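I opened this notebook page to record what I looked up in one model.

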Amino acid sequence: MGMKYCAAYLMAVLAGNDSPSAGDIQKILESVEAEYDSSVAEKLVSELEGKTVHEVIAAGKEKLKGFGGGGGGKGGFGGKGDKGGKA
């Protein structure tokens, strides 16, 4: 599924439509002359049916917590043994 469908869905929600339809997605994508595939839009709408965007995003954030954080080793500006980058 292309990100443009998700983006169009979210744009419709931001515009005040809590439950966008495939037709709403189509209008947004066609307004910027993007290609539109009704089966992709209908699949997205059916998967999000009965859910709010805020719930979906919150659930996704919870899942991402298990991935941990970035974090490299020591390292500063100058590499090994650097004491804050002062010359």
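The entries below follow the order in which I looked things up.

**Basis.** I worked from a predicted model, in which local features need pLDDT of at least 70 and side-chain atom pairs count only at pLDDT 80 or more, while totals for chains, interfaces and linings use all residues. I numbered residues from 1 along each chain as its sequence is written, and side-chain values use heavy atoms, with hydrogens and water left out.

**Entry 1: salt bridges.** I searched the whole structure for salt bridges and found two. The term requires a side-chain nitrogen of Lys or Arg within 4 Å of a carboxyl oxygen of Asp or Glu.

I noted that Lys43 and Glu47 form one of them, at 3.7 Å from N to O. Both belong to helix H3 (residues 38-48), where they are four residues apart, which means a separation of about one helical turn. I took helices as DSSP runs (H or I, at least four residues), numbered from the N terminus. I then looked up accessibility, calling a residue buried under 20% relative accessible area, exposed over 50% and partly exposed in between (1.4 Å probe, protein chains only). Glu47 is partly exposed at 40%, and Lys43 is partly exposed at 47%.

I recorded a salt bridge between Glu62 and Lys65 as well, with the closest N and O atoms 3.0 Å apart. Glu62 and Lys65 are both exposed.

**Entry 2: aromatic rings.** I counted ring pairs of Phe, Tyr and Trp (its six-membered ring) with centres within 6.5 Å; planes under 30 degrees apart are stacked, over 60 edge-to-face and the rest tilted. The count is one aromatic pair. Tyr5 and Tyr36 make a tilted pair, with 6.3 Å between centres and 45° between planes. Tyr5 lies in helix H1 (residues 3-14) and Tyr36 in the loop between helix H2 (22-31) and H3, so the pair ties together parts 31 residues apart in sequence. I found Tyr5 buried at 5% and Tyr36 partly exposed at 23%.

**Entry 3: helix packing.** How do the axes of H1 and H2 cross? They come within 9 Å and cross at roughly 105°, the axes being lines fitted to C-alpha atoms over the stretch in contact, with angles from 0 to 180 degrees between N-to-C directions. I therefore class H1 as roughly perpendicular to H2 (65 to 115 degrees). In the contact (heavy atoms within 4.5 Å), I listed Lys4, Tyr5, Ala8, Tyr9, Met11 and Ala12 of H1 against Ile25, Ile28 and Leu29 of H2.

Conventions:
Helices (H or I, at least four residues) and strands (E, at least two) are DSSP runs, numbered from the N terminus. Angles under 35 degrees count as roughly parallel, over 145 as roughly antiparallel, 65 to 115 as roughly perpendicular and the rest as oblique.
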